[in-house]
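Visitor: I'm new to this one. Could you walk me through it?
Guide: Happy to. Take a look first, then ask away.

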Amino acid sequence: MGNLRIGIPSKGRLAVQSEELLNLAGFKFRRQDRSLFAKVRDAKIEITFLRSDDIPVLCDEGAIDLGVTGSDLVEEAGGDVLTRMKLGVGKCRLALCVAEDSPITSASDLKSLRIATSFPNVTQNYLGEKGVQAHLVKLTGSVEVMISLGVADAIVDLVETGSTLVANRLRVIAEIGEHETVLIQNQKQDEPELADQVVRRLEGVIIARSYSLLEYNIPREKLSAAEEITPGFNSPTVSALEDDNWCAVRVMVKRKKIIAAMEALESLGAAAILETKIANCRL
Ligand code: PRP
């Protein structure tokens with residue numbers, strides 16, 4: 001059995017997030033200076049540090065077995081890789097944008113106009129579906145300034161918080177896709193068991209990150225109403241208490257919903273409501 005090769009971004013936010021996720025999943029490695037490779041301790045796994053936009057191509061070509069990159073870049077590369085899982089980070093939208101004061105309101109207004117983007121393939125496919133022929137200005141960065149530079153009438157770019165749009169006085173006229181960081185896999189996998197182990201471990205960390213463990217006591221007569229508020233990942237664990245009229249519940253709740261769930265449970269008559277963060281899990 002050979003080594004499993006995982007490609008991760010070499011710099012930027014995605015690089016930090018990928019290293020952190022793999023470390024939390026128990027894959028420990030240290031990158032020496034600007035080295036392109038690192039060996040994972042106690043595992044037949046090698047990490048390769050690459051440009052994010054090369055990762056889909058190199059995974060498709062079989063140079064790496066698994067890769068961490070943006071789903072936007074996977075779509076733009078257009079190759080035949082398998083998306084194994086979403087990593088719950090780097091959520092953004094790919095959007096068609098124009099100047100705030102532009103008369104353009106939809107893609108169909110862009111006929112014969114210029115669109116600057118670093119996503120020419122995705123943009124071309126989108127325009128093709130709309131039956132619009134436009135001139136694409138293909139760039140690798142700083143797309144957001146191209147309208148004010150007079151290079152383009154519209155841009156197709158990623159929007160995360162929207163602050164780049166505000167800073168450049170732009171507005172969205174259409175959303176082309178929703179994206180996030182994903183784990184991709186080469187279709188002809190030589191090390192399927194090892195790849196599956198990486199996926200299982202990452203899943204444990206990602207589910208743990210998005211859920212909390214909630215514990216509370218509830219009068220038995222209110223249990224079914226409480227279970228509607230907190231249905232759990234599979235189902236809640238219910239235990240008896242000394243007082244027969246009460247029971248204790250342990251349940252996983254999406255972190256985003258935890259405050260609302262605690263308030264609803266309190267209103268229902270629950271007591272001793274405790275939230276605990278989960279470090280890792282296998283479900
Ligand atoms: C991306 C994208 C936008 C910006 C959007 O650029 O190209 O410019 O983020 O984020 P916001 O909505 O939170 O402002 P990134 O910082 O990844 O660098 P890039 O220009 O090299 O693509």
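Visitor: Which element gives the largest share of the shell around the ligand?
Guide: Keep in mind that this is a predicted model. The elements that give two or more residues to that shell are α5 (163-167) and β9 (154-159). With 3 residues, the largest share comes from β9.

Visitor: How do the residues of the shell around the ligand divide into nonpolar, polar and charged?
Guide: Around the ligand you'll find E144, D157, L158, V159, E160, T161, G162, S163 and T164. Sorted by type, they come out as 2 nonpolar, 4 polar and 3 charged.

Visitor: How far is an oxygen atom of the ligand from an N or O atom in the side chain of T164?
Guide: Let's go through some polar contacts, where N or O atoms pair up within 3.5 Å. A polar side-chain atom of D157 sits 2.9 Å from a ligand oxygen, and a backbone N or O atom of E160 is 2.8 Å from a ligand oxygen. For the side chain of T164, the distance is 2.4 Å.

Visitor: How much of the ligand's accessible area does the protein cover?
Guide: On its own, the ligand has 500 Å² of accessible area. The share of this that the protein covers is 61%.

Visitor: Are helices α1 and α6 roughly parallel or roughly perpendicular?
Guide: The axes of α1 (residues 13-24) and α6 (residues 192-210) come within 8 Å and cross at roughly 105 degrees. Angles of 65 to 115 degrees count as roughly perpendicular, so α1 is to α6 roughly perpendicular.

Visitor: Which residues of α6 make the contact with α1?
Guide: The contact's residues divide into 6 nonpolar, no polar and 2 charged. On the α1 side they are E20, L21, L22 and L24. From α6 come L202, V205, I206 and R209.

Definitions and conventions:
Residues numbered from 1 in each chain as written. Predicted model: local features only at pLDDT ≥ 70, side-chain atom pairs only at ≥ 80, totals over all residues. Heavy atoms only, no water. Axes fitted to C-alpha atoms, helices over the stretch in contact; angles between N-to-C directions. Helix = DSSP H or I, 4+ residues; strand = E, 2+ residues; numbered from the N terminus. Parallel < 35°, antiparallel > 145°, perpendicular 65-115°, else oblique. Contact = heavy atoms within 4.5 Å. Nonpolar A, V, L, I, M, F, W, Y, C, P; charged D, E, K, R; others polar. Near = heavy atom within 4 Å. Polar contact = N/O pair within 3.5 Å; in protein donor to acceptor, adjacent residues only side chain to side chain. Areas by Shrake-Rupley, 256 points an atom, 1.4 Å probe, with all protein chains shown as cover.
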